[in-house]
Amino acid sequence: MKLTHIIYIFMGSVMLTSCHIFGNYERPSQVDSLARAIDYRDVHTTDTINFGNTPWREVFTDPQLQSYIEKVLAQNADMRVADLNLQKAEVGLRLSKFQFFLPSITFSPSGTISKAFIDGAQNSKTYEFPVTASWQADAFGKLRNAKKQTEMQLLTLKEVHHATQTGLISGTAQLYYGLQLMDEQLATMQSTLALWQKNIMALEAMMDAGMINAAALSSAKSQYLQIQANVPALENSIRTMENNLCLLMMEEPHAIARSKFAPQAFPVDLRTGLPFQLLGQRPDVRIAELELANCFYAKLGARSAFYPTINIAGNGSFTNSLGGMIMNPGKFIAAGVASLIQPIVQRGALIGQLKVSKLAEQQAEIKFEKSLLNAAMEVSNAVASYNSYAEQEAITRKQVAELERASEATQELFLHAGGSTTYLETLTAQMQLLQGRLNLLNDQYQQILSAINLYQALGGGHE
C-alpha cells in the first residue's frame, strides 16, 4: 500500500472521530432557556443597563473610603494570593502550549576513558554528544483537550480573582459605613445623656423643694445609667470594626479616619438589567460554567484516550564510540523513529474513566443551573430589601418627628407643671425618641447595605 493511501485512511479516521474528540464547548440550551425565563420577582425590566456594570469608584464616592478600598486591593492577603494563583495558572498555560507546539529536546554528552592492563596497551578514549528531539503528534486531540482544560482553569482563576475583588470592595464599604453608623449612634446617645443629666439636676432641685419623692429621682437616674451602659459596648464595637478594616488592609490596628454618616449621598441605582446578563457578569456563575466546560474537555480527553499515541523522535550524535569503524576525529550519526502506542489491556479502565467524566459533566451542569438561580435570588432579595427599608425609613422618619414633638411637649409640662404623672410621661417620651432615632439610623444603614449587596449580586467591582 502506498504511503499516500495510508495517509488518506488515517485522515479519514480522524475526520470520523473528530466530532467526539475535537469538539468545542457550547453552553447547554436549557441553561440559556432558564436564564431567559428567570425574572427577579416583581422586578420586570427590558433595560440592559444595570448597577453591576458601574465602576466601583462611581459607586463608592467617599474619598476616604476610596483610599481604603485601594489599599485593600493592593495589600490584602486574599487578593495577593489570588494574584499569585493567577500568575501560576498563566505560566501553566504557557507550558501546555509549549508541549502542544514544540518538541522535547535533550542534550546528554558523555565521555569515557579506559585502559587494558596489558603490556603496550594504550588508553582508549570515547566521547558522544547526542541530541534527541521527540514530539507527540496530536492526531486524536489528547494534547489539545488537555490544553483546553488548562485554559478553562486559567479563566476560572480570573473569575475567582474578580470574585475576591468584588467581595473585598463590598466588605470594605460595609465596614466603613458601619463605622459611620456607630459614630451617629454614639453621638445620639451622648446628646440624650446630656439632656438626661439636665433633667436629673432639675429633679434633684424639685425633690429638695418637696415636689417629687426620692423614688422618682432614683428611677430617672436608673434610666440615665441604662443609656450610659450602652456607650462602652458601642465604643468597643467601633474599635473592633476599625481593627477588622485594618486587617483587610494588612495593617496593624489603628484608628480609622472617616467622614460623617450621610446616607443621602450614597449613589443608589436599582437597575438590575436582564437576568440573562448574570451569565456573563457574576463571577460565581461564570466559574460554574467554566467548570462545566472543563468537564466537557475532560470527557473529550477520556474519549481520546481510546486512540493511539503517535510519537515522532529523531536524534543526532557526534561520536567516536563505534570502535574501529570510526577514527578520531568523530563522525556525525543521525537516526529517526516513529512509534504508535495503542491501549488494549487498559480498555476497561478507559471505559470507566469515560463514564466518570460524563457523570462529572452532568453534575457540573446541575451546579451551573443552581448558581444561576442563586444569583437571581440574591438580586431579587437585595432589591426587595432596599425597597423594604426605604419604606420603613419613610415611616420611621415620620415617627421620629412625632416623638420629637411629644418629647418637647412633655418636657415643657415637666418643667412648668411638675407632678409624678408628667415626670413619667417625660421619661417615656425621651426613651422612645432615643429608640426612634436609633431605628432611623439603622434603616438608613440597611438601605446602604442592600445597595452594596445588590451591586455585588450583579457582579460589580469593576475598575
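## Overall organisation

Among contacts in the protein with a separation of 6 or more, 83% are between residues 24 or more positions apart. The model behind this figure is predicted. Its secondary structure consists of 11 helices and five strands.

The protein has 463 residues, and 41% of them count as buried. The exposed surface comes to about 25500 Å², with 58% supplied by carbon and sulfur atoms.

## Nonpolar core

The largest nonpolar core contains 83 residues. Phe 60, Tyr 177, Leu 245, Phe 266, Leu 278 and Phe 368 have the most contacts inside this core. Helix H6, which spans residues 142-208, gives the most to the core, with 17 residues.

Apart from its neighbours within four places in sequence, Leu 278 is in contact with Tyr 40, Val 285, Leu 372, Ala 375, Ala 376, Val 379, Ala 457 and Leu 458.

## Asn 294

Where does Asn 294 sit? Asn 294 belongs to helix H9, which covers residues 283-304. Is Asn 294 buried or exposed? Asn 294 counts as buried because its relative accessible area is 19%, and the cut-off for buried is under 20%.

With neighbours within four places in sequence left aside, the contacts of Asn 294 are Gln 149, Met 152 and Gln 153.

Conventions
Residues are numbered from 1 along each chain as its sequence is written. This is a predicted model: local features need pLDDT of at least 70, side-chain atom pairs count only at pLDDT 80 or more; totals for chains, interfaces and linings use all residues. Side-chain values use heavy atoms; hydrogens and water are left out. Helices (H or I, at least four residues) and strands (E, at least two) are DSSP runs, numbered from the N terminus. Buried means under 20% relative accessible area, exposed over 50%, partly exposed in between (1.4 Å probe, protein chains only). Contact means heavy atoms within 4.5 Å. A nonpolar core is a set of buried Ala, Val, Leu, Ile, Met, Phe, Trp, Tyr and Cys residues joined through side-chain atoms within 4.5 Å. Accessible areas come from the Shrake-Rupley method with a 1.4 Å probe; for residues, only the protein chains shown count as cover.
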